Amino acid sequence: MNIIEVKDYQEMSKKAAEFVRDNVRRNPNINLGLATGGTPVGMYKQLIEDHQKNHTSYKNVTTFNLDEYIGLSEYNHNSYRYFMNDNLFDHIDIQMSKTNVPHGNVKDLKKECSDFEHLIKEHGGIDLQILGIGSNGHIGFNEPGTSFESRTHIIDLTHSTREANARFFGNRAEVPAQAITMGISTIMKSKAILLLISGTNKREAFFQLVHGEISETFPASVLRKHSCVTIIVDEAARGNV
Ligand SMILES: N[C@@H]1[C@@H](O)[C@H](O)[C@@H](COP(=O)(O)O)O[C@@H]1O
């Protein structure tokens, strides 16, 4: 794993945006895997700024998002589809038809999972996957205990994840109990991975990732088996590591 140490959230966001932009410029038809949560918001802001200033084009880019809450429609402000439109897609020249976020409010959720998995495959796989990390080591919504062999699937969210995400909803009771998420093996098939880690609440997770054992009890540890992972981590998350 290539670890890039930066000072703070601002610098992490800038570096991450440069990394993504350079990849898009090198391969304008890139398949990007995207993440939600608080961590990548600054990176998306920088990408929008770069698009406006330097005209980096996303016209031929295809995107696949990691996950979506079950039960929320795309119009719900807490859905990840809404998040992506609001934080990125509405502000760049991407074709909406090339943006893919799992649908969390369809009748046949199992079919949605296998369709999503196939869609990624049909497009030739993800070239660059952006990731954040949960404080319990989850990636996407793959909670501790998820099989490393998992494909896109339905997951029960843990108490701590619902608690952590309650800040977006008002209270924990409103956070959906389940989500659709790319599986660990789906994520691991990406050709390259960019993981962003910021803040003191991620310090323990960063430490585990670097020093802990590779185990399904800490999902992100699987990344140590991937040959092309870049981590951008700020001072607060590094602590004394
Ligand atoms: N499903 C998302 C993840 O993709 C994200 O990486 C993680 C951390 O979120 P944050 O960046 O807000 O700390 O939790 C969320 O639940």
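Modeller: What follows sets values against definitions. This is a predicted model, where local features need pLDDT of at least 70 and side-chain atom pairs count only at pLDDT 80 or more, while totals for chains, interfaces and linings use all residues. Residues are numbered from 1 along each chain as its sequence is written.

Biologist: What makes the radius of gyration agree with a compact globule?

Modeller: The rule, 2.2 Å times the number of residues to the power 0.38, is applied with the radius taken over C-alpha atoms. For 241 residues a compact globule would have a value near 18 Å, and the protein has 17 Å, so the two agree.

Biologist: Why is Glu-143 called buried?

Modeller: A residue is buried if 20 or more other C-beta atoms, placed from the backbone, lie within 10 Å of its own, exposed if 12 or fewer, and partly exposed in between. Glu-143 has 20, so it is buried.

Biologist: Why does Asn-136 count as partly exposed?

Modeller: Asn-136 has 19 C-beta neighbours inside 10 Å, so it counts as partly exposed. Asn-136 is found in the loop between strand E6 (128–131) and strand E7 (153–156), strands being DSSP runs (E, at least two residues) numbered from the N terminus. Glu-143 is also in the loop between E6 and E7.

Biologist: Which residues does UniProt place under "active site"?

Modeller: The unreviewed UniProt entry places that feature at Asp-67, Asn-136, His-138 and Glu-143. Such annotations may be inferred rather than shown by experiment.

Terms used:
Helices (H or I, at least four residues) and strands (E, at least two) are DSSP runs, numbered from the N terminus.
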